[in-house]
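Here is a short report for a reader new to this protein. Look over the sequence and the model, then read on.

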Amino acid sequence: MMTGRQTISVDEIASSKVAGFTACRWTTKHGLPYPLEEALIVTKSNRLEIYAQAIDGLILVHSASVYGYITMLERLRPSTSTTDHLFIGTDRYQYFTVSWDASLKKLRTEQSYLDQADKVLRDSQEADRCHVDPSRRFMTLELYDGVVTVIPLQQATDRGPSAKRQSIAKQEDRGILGSPVQVRIEELAIRSSAFLDVDSSSKTKPRLALLWEDNADTPQLKIRELEYFPDAAGDQASAELKTIAEFRDKLDLGVSHLVPVSAPYGGFLILGERSITYVDSELKTSIPRDLDENATVWVAWEKIDDQRWLLADDYGRLYFMMIMVEGTRVQDWRLDLVGTTSKASALVYLDRGHVFVGSHSGDSQVVKIEEGGLKVAQTFDNIAPILDFTIMDLGRGTEGGQANDFSSGQARLVTASGAWQDGSIRSVRSGVGIEELGSLGEMSHITDMWGLDSTGDSVMQDTLLVTFVDETRIFTFDSEATIEEVDHFHGLELSETTLSASNLSNRRILQVAETSVRIADLDSGMTTSTWRPADGSKITATASNEERLLVVSGGTTLHVFDLSNDLTSISSKSFPTDSQIAGIAIPPAPTSVCVVAFWQSASVAIIEIPSLDSLHTQILGPADTAIPRSVLIANILPDSPPNLFVAMADGTVMTYTMDMSKHTLSNMTRIVLGSEPVTFKKLPRDLSSDSESTLSNIFASCEQPSLIYASEGRMVYSAVNFDKASRVTHFNSGAYPGAIAIATPKELKLALIDAERRTQLHTLPVGETVRCVTYSEGLKMFGMGCIRRMLENGAENGAERLLSRFKVADEVSFKPLDSVELAEEELVECTVVIPVAKDGDSDSLDMFVVGTSMLDESSEQSVKGRILIYEVDKERKLSLMTELGVKGACRSLAICDGKIVAGLVKTVVVYALVPTSIHSHNLHLVKLAAYRTATNPLSLTVTPSTKTSPALIAVADLMKSVSILVLIPPPPNTGLSWALSETARHFAVMWSSSVSVIGDNEWVAADMDGNLIVVRRNVNGVAEDDRKLLEVTSELRLGEIVNSIVPVRMSSENMLTMRARSSSTTADANAVAHLPAGPAVTPQAFLATVEGGVYMLGTISAGYQDVLMRLQQAVSARTKGLGYMPWAKYRAFKNEVREADEPFRFVDGELVEGFLNFSQEDMEGVVAELGAGLGLQAVKGMVEGLRRLH
């Protein structure tokens, strides 16, 4: 939404998911995807994942998105189906059913969505629930207070052959749910509910037990009997829930769950905080037992068999419960502690003692119950809920030089994740991961490396050839990983730099050095062939395949040799002095062509072998700016022609598709990887495989290394999470299978590299809730405010205590460095880093600012919170510099032009950190200005002042949306004070959760309903009221609560680079005639949600706005979500006051990127619908550019 381009236009907003949802909310076991096997179904926000059980653990076999936040999940087995159906309900009160399509190997919609939304009824204060009665005749939904929705399930009919034929004819009707019927009940606040368990063949009326609380918050239990009246004679179907039994005994005030006991025993287990009670089916007999020292809060349960259950509590403890029976009567129950896991949000018993623990606040786990405790068999990383996060490493890929174009792979996000005992700090980075195996020693100025096999009989390497500016060194490895450097190796030249080395057929080794070419025989250890330039010139470039060797001498003469016949010369050609050769490449054998790059003419040419005549010339750009440095030919995509990669002097990589029959280049794409020339190295697609696949990945070395690989039929450029790799080579050795050798500026290492991009996680377990986190680049550490809870052993009723402390940890190792305990009854709320100049030094030191609140805000004490300033000494320890008591809890902090902005309850205050006296080194906080807010300022974001405009502070108020404050400094020599006044406001009721600046006079805000809005300050408004009104320019429903938004802070130079140089893919000249130059989207901020989702938000350039909006519309029209739920409604703004029909001026990056998964026919249909002369390659390139942003 940049306002500088057109006075009547704003940029649309684009959002893309960077890291997937990781929080597990609901789980169940189903007969999906196979009738005789059960699979685990896991929901994560709006996503379904299906896991199959294998020997090594759970394996993800399928995943699918739902256009809605999933709130209900239930297993159905229609009488007409051989497999389970899955009932799915969403937060918009829509539900549908799906089954597994074995032929297509994906989920299939059985019944389109039905909408049960009712604006008159009050939403349920508890979680939405669904139950299927044991006889499988009815389903109940609890969506609203005082209302139970009854849905009849289709039943098999047995009315003779005609009925059977009719059932077969209507295969599309299987799994259909009957029309819903709403039944009103007097119970409003229902804590738990369950059907009374009976035999599945029973024809008795279903009985629903309700655990509810009355107006005095006293829990009650009653059973209602369901009676259903089908529609007849034009009357609508109806149902009743008649009360048939009530439990009169007093229940534990903390009861939370009803657990049905299987027939023939029947009845229920009532789980309470201090007791567990069994009641029979008539609610007449009860067996209460106190938990005594095991008093706890229950969160989940799972049935193992008719007499055993697993129970999970709020502290991550897993219990085993068993009832003792005599005949068909329950006599007693027993509870035993099994072990400790992550806090469970769902439990699923798999088999043979294995249990899936789905967690929202910690890592999900598969645990095995063994004698004496639990064993964690498998862990699924979870970064939810993200309470706060900060960005590290953005733009740090180069020292003192121009930073790269944006890539989220360059951004390391540090999140405050989890809660209580599952709390942690997570380093999240989307990219290709590298795992270091060890170091071979300190070595500087390495120019290249190659892995060799000293036997000539294996695909494994046991020798590493490392070349430097003026020498070559050889390292040998044995099977025990013993490393030895040797002075001689089969007659190779080690006294000068090496340009290329490789194994040849017939047990030979090729070396191309600076002054000579050698072929050595591995059997005799002797050099069998040698060639040197006749004029004594140096070799400047080389390339080879299995049959041919290309060598450039003197920079202008190209020589071709036959490798199958030692070094027999085939041909040579000298080019003019104004055609200096920058690089050469040759396709895999057999081939009759090669590619030569000329830097003076800014061109590449396809040269015929052996004549060395030019078959095709491709101009790369203006001769004075487009300078090629090296070229490489590789097969990246399966079943596709090879690609030519050209590395330019300015860090750009150009890619062409080579037509080997016509000898032409086409489909040019361009991407900026760095600001220096890129060096290529081919790596096998499968590094540890013994197969001789021709497919390769390419490692591109520069300031920010990247891996080029194939994924889903596309070529992907992904940042490598190792920014010091200057050179690499494949080194698949016996001791280190699948390894690569990496040269850094100072040492040589061995490592393992991922084959493609993944979300890389590095975890610092904290064991406490990390309430807030901040990062100091100067101190190279991050600070975190933590809250932990403790059960007081001697306290009455086992009360909990909350304690807070502030910690610091190292940025690389995540090692905790120091911590400071806060006062009793004090909780940490927020933290930020401020640079402070001390002792007259010109360089400032970072200090941590911490805002707190007092636990008992209702007390009569005047101090309701504190602002603490901590400095870090040379031993990296914390010490308190100064503190200030405030009259309201400090909910948010920000830094504005070196001053501290504090969001207190109903107040925003600006403080200055000043010396206590002229000659004092001590600092204290001085209040400069204040502003009264409506309620609670949960989030602050600052636009620094400039020479022409004062600083702006955006405030996200808990109830009153966003207001913009201006900080006005006093005029010089006037004696006036600072002022903080409101300059604009969004006049709407919105329960805000976070706000961030994304441009000049533009902000993005999130609310508690999962919506995002972008507001703009109309500084050029005609009337004063126009200038004070924040107008909404974009809005979208994300579907998740955003806890934190952090802007992407790029320098003005980088912003200009983003605009001037395209980081997105561009196709050839004819295809891009109707697309403007430059990036389609400029990243502006990262968003983190309660569900563990990380999103990137950016502004769309003016030239791409219309095409992306129309592309989104065309893709959404061709995308059928599960249940056929509409995408537009899913992403439309919705809160308690207003509900839209579609998103406004927002582009959903995840949806648009789905274009790349379309069939060729659908892609062409979308492009035809876009019109404007756009070509398929141009649209694909544009979307691929968007995908690379995250």
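Is Lys 222 buried or exposed? Lys 222 is buried, because its relative accessible area is 2%, under the 20% cut-off for that class. The answer comes from a predicted model, and so does everything that follows.

**Salt bridges**

Lys 222 has a charged partner. Its side chain forms a salt bridge with Glu 187, and the closest N and O atoms are 2.6 Å apart. Glu 187 sits in the loop between strand S13 (181–184) and strand S14 (189–195), while Lys 222 belongs to strand S16 (residues 219–229), so the pair ties together parts that are 35 residues apart in sequence. Glu 187 is buried too, with a relative accessible area of 0%.

Side chains of opposite charge can pair when their charged atoms come close. A search of the whole structure finds 59 salt bridges. The table shows three of them.

| Salt bridge | N to O distance | Relative accessible area |
|---|---|---|
| Glu 187 – Lys 222 | 2.6 Å | Glu 187: 0%; Lys 222: 2% |
| Asp 84 – Arg 75 | 2.6 Å | Asp 84: 1%; Arg 75: 30% |
| Lys 343 – Asp 314 | 2.7 Å | Lys 343: 24%; Asp 314: 11% |

Take the pair of Asp 84 and Arg 75. Asp 84 is buried, with 1% relative accessible area. Arg 75, at 30%, counts as partly exposed.

The salt bridge between Lys 343 and Asp 314 has its closest N and O atoms 2.7 Å apart. This pair links distant parts of the chain, 29 residues apart. Lys 343 lies in the loop between strand S25 (329–340) and strand S26 (346–349). Asp 314 lies in the loop between strand S23 (308–313) and strand S24 (317–326). Lys 343 is partly exposed because its relative accessibility is 24%, whereas Asp 314 is buried at 11%.

Glu 768, Arg 788, Arg 805, Lys 807 and Glu 821 are linked in a network of salt bridges.

**Nonpolar cores**

In soluble globular proteins, nonpolar side chains tend to be buried together. Here the largest nonpolar core holds 57 residues. Which of its residues touch the most other members? They are Leu 48, Leu 1108, Leu 1111, Phe 1155 and Val 1179. Helix H4 (residues 1102–1118) gives the most to this core, with 6 residues.

A second, separate core has 20 residues, including Cys 830, Ile 869, Leu 913 and Leu 925.

**Surface**

Met 959, Val 989, Trp 991, Met 1008, Ile 1041 and Val 1137 make a nonpolar surface patch of about 510 Å². Met 959 lies in the loop between strand S75 (951–957) and strand S76 (962–968). Its relative accessibility is 31%, so Met 959 counts as partly exposed.

**The whole protein**

The protein has 1190 residues, and 56% of them count as buried. Its secondary structure comes to 8 helices and 85 strands. Among contacts with a separation of 6 or more, 52% involve residues 24 or more positions apart. The protein exposes about 50000 Å², and carbon and sulfur atoms supply 48% of that area.

How values were computed
Residues are numbered from 1 along each chain as its sequence is written. This is a predicted model: local features need pLDDT of at least 70, side-chain atom pairs count only at pLDDT 80 or more; totals for chains, interfaces and linings use all residues. Side-chain values use heavy atoms; hydrogens and water are left out. Patches are made of residues with over 30% relative accessible area and no salt bridge: like charges are joined within 9 Å, nonpolar side chains (Val, Leu, Ile, Met, Phe, Trp, Tyr) within 5 Å. Accessible areas come from the Shrake-Rupley method with a 1.4 Å probe; for residues, only the protein chains shown count as cover. A salt bridge is a side-chain nitrogen of Lys or Arg within 4 Å of a carboxyl oxygen of Asp or Glu. Helices (H or I, at least four residues) and strands (E, at least two) are DSSP runs, numbered from the N terminus. Buried means under 20% relative accessible area, exposed over 50%, partly exposed in between (1.4 Å probe, protein chains only). A nonpolar core is a set of buried Ala, Val, Leu, Ile, Met, Phe, Trp, Tyr and Cys residues joined through side-chain atoms within 4.5 Å. Contact means heavy atoms within 4.5 Å.
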